[in-house]
Amino acid sequence: MLRTLSDVNTVSHAIQLSVAPVFLLTGIGAILSVLTNRLGRVIDRARLLESRFEIATLDEHKELIRSDLYTLAKRAKLIGRSINLCTTTAFLVCMVIALMFIGAFLGIDPSIPVAILFICAMFSMVLGLVWFLREIYIATANLRIGPGSQAPPT
């Protein structure tokens, strides 16, 4: 039997159940912001190195730039995968919230689909964070700081 929207208890119960997933969405949004900022920095750095590559004169400088561009390409792929997985997580959490509201209004028990979607969301989130961790590892493993550690500006 379809419940009416004026059933305040039904609405308040559905809102109470959806509070935790909504906070999870906030966290996912923060992670996505970090990931997109990192991707932007990788893209900016790649553009800079591509412009330097064209005017580099020594083959060893070109090889160093080529190596850095290869590393940046790997990092961009990993960040892209992480963004896709974290966005999938947000989508799945939104579906969990929608199913909880639908279940409350229609008077059905959505616990099994909600549990499955939530497990899938957490699996997606874990994979997204693993890709992010791999990107950070590559970034720090290829970090060169100090004089003589990078090709001189041209």
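Reader: Which helices each supply at least two residues of the lining of the largest pocket?
Author: This is a predicted model. The chain holds three helices and zero strands. The lining of the largest pocket draws at least two residues from each of these: helix H1 (8-55), helix H2 (59-106) and helix H3 (111-141).

Reader: In what order do the elements of the chain run from the N terminus on?
Author: The secondary structure comes to three helices, with zero strands. Read from the N terminus, the order is α-α-α.

Reader: Which helix gives the largest share of the lining of the largest pocket?
Author: The lining counts 16 residues. Six residues of the lining form the largest share, and they come from H1.

Reader: Which residues lie nearest the centre of the largest pocket?
Author: The pocket has a volume of about 460 Å³. Its lining has 16 residues, and those nearest the centre are Arg-45, Leu-72, Arg-75, Ala-139 and Leu-143.

Reader: How many residues of the lining of the largest pocket are charged?
Author: The lining divides by residue class. Six residues are nonpolar and three are polar. The charged ones number seven.

Reader: How many salt bridges does the count come to?
Author: One joins Glu-135 to Arg-38. Another joins Glu-135 to Arg-75. Arg-66 and Glu-63 also meet in a salt bridge. The count comes to three.

Reader: How many residues apart in sequence are the parts that Glu-135 and Arg-38 tie together?
Author: These two form a salt bridge, with the closest N and O atoms 2.8 Å apart. Glu-135 lies in helix H3 and Arg-38 in helix H1, so the pair ties together parts separated in sequence by 97 residues.

Reader: Is Glu-135 buried or exposed?
Author: Buried means under 20% relative accessible area. Glu-135 has 0% relative accessibility, so the residue counts as buried.

Reader: Which helices hold Glu-135 and Arg-75?
Author: The side chains of Glu-135 and Arg-75 meet in a salt bridge at 2.6 Å, N to O. The pair links distant parts of the chain, 60 residues apart. Glu-135 is in helix H3, and Arg-75 is in helix H2.

Reader: Which residues do salt bridges that share partners join into one network?
Author: Glu-135 forms a salt bridge with Arg-38. Glu-135 also meets Arg-75 in a salt bridge. The shared partners give one network: Arg-38, Arg-75 and Glu-135.

Reader: Is Arg-75 buried or exposed?
Author: The cut-off for buried is under 20%. Arg-75 has 16% relative accessibility, so this residue counts as buried.

Reader: Which helix holds both Arg-66 and Glu-63?
Author: Their side chains meet in a salt bridge at 3.0 Å, N to O. Arg-66 is partly exposed at 41%, and Glu-63 is partly exposed at 44%. The two are three residues apart, about one turn of the helix, and both lie in H2.

Reader: What percentage of the residues in the chain is buried?
Author: The chain has 154 residues. Glu-135 counts as buried, and Arg-75 does too. Buried residues make up 31%.

Notes
Residues numbered from 1 in each chain as written. Predicted model: local features only at pLDDT ≥ 70, side-chain atom pairs only at ≥ 80, totals over all residues. Heavy atoms only, no water. 1 Å grid on protein atoms, 1.4 Å probe; cavity = no way out; pocket = protein on both sides within 12 Å on 5 of 7 lines; lining within 4 Å. Points joined across faces, edges and corners; volume = space filled by probe spheres on them. Helix = DSSP H or I, 4+ residues; strand = E, 2+ residues; numbered from the N terminus. Nonpolar A, V, L, I, M, F, W, Y, C, P; charged D, E, K, R; others polar. Buried < 20%, exposed > 50% of the residue type's maximum accessible area, 1.4 Å probe, protein only. Salt bridge = Lys/Arg side-chain N within 4 Å of Asp/Glu carboxyl O.
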